[in-house]
Amino acid sequence: MWSVVSPQLQSLLRNGKVGWTVSRFSQTFKAVFDYYQRDAEAEPRQFPDHLKSLITDHLQEVLTKLDNLSHDALLERYVIEWNKYHDSFATIGKVLKPLNNPEGPHQPGSRSRVTSGEIFTVQRLGYDLWEKVLINSLRSALTAAMLNRVEQDREREKAVLSSADPMQEDLDRPDDLEAAIDVLIKLEPEEPATDDVYQVKFQTRQFELYREIFEAPFIAATKKYYDEEVRQLLRPDSVPHYLKWIEERLTQEARRQERLLHEESGQTLLRKCETVLIADVQDKLELEFRRLLVTEQLEDASRLVRLFSRIHRCEALWRHFQAHVQSFALDKLSGLAKLTIPREELPKRYAADLVEIHQKFHNVVRRSFGDCPEFKAALAKACRSFVNSNAIVHGANGRSPELLARHADSLLHNAAQNSGQTETELTALVELLQFLEDKDVFVLHYSKSCAKRFIGESPTLAEDLEGFVIGRLKELFGAEHTSRLQRMYTDMQFNKKLREDFRSYCGSIARPPNLEVSIRVLSSGSWPLGSPTELAYLPPQDLLEARQTFSQWYLSEFQGRVLTWMPQLSRTEVKYTPPKSSGSYALHCSEDYLTCILLQFNDNNTATVEDLQLATQLTPGMIASVLRGLAKAGLISLIHTGDANAVAFEKTTRAKLTETFTSTRKRIAIRRELPGATSGTEAKSAQAVGGPNPQEIENERKFKIQAAIVRIMKKCKRLSHADLMVKVLEEMSAMFAAKPPIVKQVIQYLIDRDYIEREPGQND
């Protein structure tokens with residue numbers, strides 16, 4: 001039978017399917033089939049041995065053709081011979097199908113027995129002989145040819161990168177290299193059944209041929225190739241070009257990996273390229289990153305960040321970015337500190353610079369670094385540093401919380417002029433507040449200025465913006481730290497309706513007040529106005545009647561409440577017509593005490609301090625401060641009988657109305673001139689609504705610590721002293737850095753007043 005089949009198989013191996021008709025195929029197939037039906041028992045192993053010998057002889061002939069070839073010629077001829085061999089075995093497999101017949105006498109499975117202990121399909125036999133005869137003989141030459149083709153591709157790509165014509169690039173052209181690699185993959189054995197003897201060979205040799213002949217040498221050659229390119233290209237003055245080159249090269253290698261490497265190789269090629277091109281020169285590139293930031297080459301800096309993110313080593317870049325932001329900000333603020341700027345203009349300039357710096361680098365993070373969380377965190381750390389410590393706040397200009405609060409007050413005072421622009425500026429300003437260390441100090445300053453705006457209710461008051469800012473502060477600081485601001489805003493809204501209701505009430509009674517009054521009711525404990533204690537004095541009759549009318553109506557509407565009048569916060573407009581001067585003036589008095597004294601000159605042009613004291617019941621010190629204010633405005637002249645600089649004037653000191661008073665302004669603001677020293681209630685009345693002093697800040701912090709301790713203990717019921725300290729310090733860190741000794745004092749204070757207690761027998 002072999003004498004009949006062998007010429008046909010030899011023809012297939014040498015010439016492929018040329019001349020193979022259907023009848024020729026049928027005759028050969030029948031001969032093989034008949035062999036198994038009649039003669040296989042007599043010669044169980046001769047046919048497979050003959051087949052193996054035939055294939056080996058043919059492959060030796062192929063090897064002779066390939067032996068003297070190299071590089072491209074070898075690769076091209078190798079692929080041609082493989083394609084012919086592979087196609088021939090497709091037909092041979094059909095011709096020898098009876099060998100794989102499950103009903104065959106010698107092979108119950110789907111494979112033919114070749115040697116003892118090993119089972120192969122006919123196709124497997126052909127693949128193994130190709131490896132044994134050709135691959136093992138051409139191993140070095142084949143590897144060199146493959147690597148030469150890869151290097152040719154890289155050199156061609158390098159020329160394309162240097163060319164101005166991108167159309168020259170053609171990375172997807174047909175390539176014998178891919179076919180040769182595919183041969184190595186096909187030669188790998190298929191996974192056999194679990195009970196197959198060949199399972200052991202499969203497990204030990206999986207992709208071994210592919211890795212030995214191509215993958216391992218290819219990766220080693222890649223490292224060598226790019227080591228040389230890095231040495232030639234990476235210079236201090238060429239880093240931007242080098243970064244662009246890296247990106248292009250990695251893109252090319254990614255496509256090459258997809259084309260050439262088997263999926264079992266994973267990201268081996270790219271990892272090696274990233275190591276050589278980025279990780280091995282990481283220190284040099286990190287130093288260049290800072291220079292790129294300084295020169296604002298943000299596109300190149302962004303490219304560098306993207307490259308470093310591939311190797312997950314961006315920590316140094318975050319630190320460089322943070323240091324650059326801090327340095328840039330401190331330099332800019334130092335320049336501002338050297339300028340001569342009026343005190344009232346400094347908060348605006350300072351806040352504008354802070355906002356500009358923050359927005360500048362926020363945009364850098366968003367546009368150049370893809371809103372990377374780590375770069376955002378680095379920016380936040382840098383902002384916390386320069387916002388709280390810079391050349392401006394180290395001088396006598398005040399701390400950042402105070403300056404930012406003053407700027408917010410200025411914006412809201414002028415909000416009516418351009419509300420859209422003001423809202424934008426306020427939004428940017430609020431963004432800065434998250435970086436303050438002493439957020440509570442800002443809240444205190446802002447509360448003071450907010451109270452002045454609300455109480456004054458100037459025509460430029462923008463209620464919507466006031467509510468907008470308080471809402472943003474609530475989101476940023478938490479409801480527990482902005483509750484007073486919220487109550488102040490609620491009071492302002494409530495008073496609008498209250499005034500309308502009182503006006504309606506006055507229109508319905510028989511004796512309405514002679515004065516047009518606008519009274520505001522403020523919640524006790526919510527407004528930063530100091531003690532509500534009223535200084536004893538005798539108001540003008542008309543004002544007294546208006547107060548009594550309002551008190552009677554209000555207490556009937558809201559039973560159980562107590563009203564305490566605060567004349568030091570009153571605003572009164574007094575019309576003044578000088579006796580010997582034409583025209584009249586509107587005098588805006590900042591307190592009722594000024595109004596009281598002014599009205600005493602309606603009947604007499606002169607009055608002594610004693611006369612004024614009898615008429616108003618004010619203290620001598622208060623009268624002296626009012627007269628100083630009137631004299632400063634030019635409304636009166638003072639004739640002293642004692643020390644003019646004394647806290648209280650002599651009783652015989654006389655005040656005379658300026659009958660010929662003239663002024664270019666028709667609306668004149670009148671304020672008291674505070675005496676050199678005051679005490680008790682007079683000092684509290686004299687104090688204007690200004691910024692908090694250090695003692696106020698300290699007291700407010702103690703109050704917040706007390707509230708935090710009570711909240712924590714209500715929730716936890718029992719805590720050790722150390723755990724309570726930790727929780728309190730952690731909660732307070734959101735607003736300010738609480739000092740442990742102060743926290744201990746507050747804990748002891750609450751223990752002494754029975755808000756909390758120590759467990760019996762416990763010192764902790």
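The following legends describe close-up views of a predicted model.

**Overview and conventions.** In this predicted model, local features need pLDDT of at least 70 and side-chain atom pairs count only at pLDDT 80 or more, whereas totals for chains, interfaces and linings use all residues. Residues are numbered from 1 along each chain as its sequence is written, and side-chain values use heavy atoms, with hydrogens and water left out. The protein chain holds 29 helices and eight strands; helices (H or I, at least four residues) and strands (E, at least two) are DSSP runs numbered from the N terminus. Of the 764 residues, 44% are buried, where buried means under 20% relative accessible area, exposed over 50% and partly exposed in between (1.4 Å probe, protein chains only).

View 1. Three strands form an open sheet in the order S3-S4-S8, with mixed pairing; two strands pair if DSSP finds at least two bridges between them. Strand S3 (572–576) and S8 are the edge strands, each pairing on one side only. From one strand to the next, the twist averages 30°. Strand S4 (residues 585–589) pairs with S8 in the parallel sense over four bridges, and Ala-669 in S8 is the bridge partner of His-588. Helix H23 (residues 592–599) packs on the sheet and touches S3, S4 and S8, contact meaning heavy atoms within 4.5 Å. The direction of H23 makes about 135° with that of S4; axes are lines fitted to C-alpha atoms, for helices over the stretch in contact, and angles run from 0 to 180 degrees between N-to-C directions.

**View 2. Strand S7 and its partners.** Strand S5 (residues 606–608) pairs with S7 in the antiparallel sense over three bridges, and Thr-608 has Arg-654 in S7 as its bridge partner. Strand S6 (residues 636–639) also runs antiparallel to S7, joined by four bridges, with Ile-636 opposite Leu-657.

**View 3. Glu-659 in its loop.** Glu-659 lies in the loop between strand S7 (654–657) and strand S8 (667–670). Because its relative accessible area is 18%, Glu-659 counts as buried. Not counting residues up to four places away in sequence, Glu-659 touches Pro-578, Pro-579, Lys-580, Ser-581 and Asn-605.

**View 4. The packing of H9 on H12.** Helix H9 and helix H12 (residues 298–310) pack at an angle of about 45°, with their axes 10 Å apart. H9 is therefore oblique to H12; angles under 35 degrees count as roughly parallel, over 145 as roughly antiparallel, 65 to 115 as roughly perpendicular and the rest as oblique. The residues of H9 that meet H12 include Leu-243, Ile-246 and Leu-250, and those of H12 that meet H9 include Leu-304 and Leu-307.

**View 5. The buried residues of H6.** In helix H6 (residues 176–186), the buried residues are Leu-177, Ala-180, Ile-181, Val-183, Leu-184 and Ile-185. Their cover includes helix H4 (71–95), helix H5 (122–162), helix H8 (208–233) and helix H9 (239–260).

**View 6. Lys-739 between two helices.** Lys-739 is placed in the loop between helix H28 (721–732) and helix H29 (740–752). Lys-739 counts as exposed because its relative accessibility is 54%. Leu-729 is ten residues from Lys-739 in sequence and 8.0 Å away in space, C-alpha to C-alpha.
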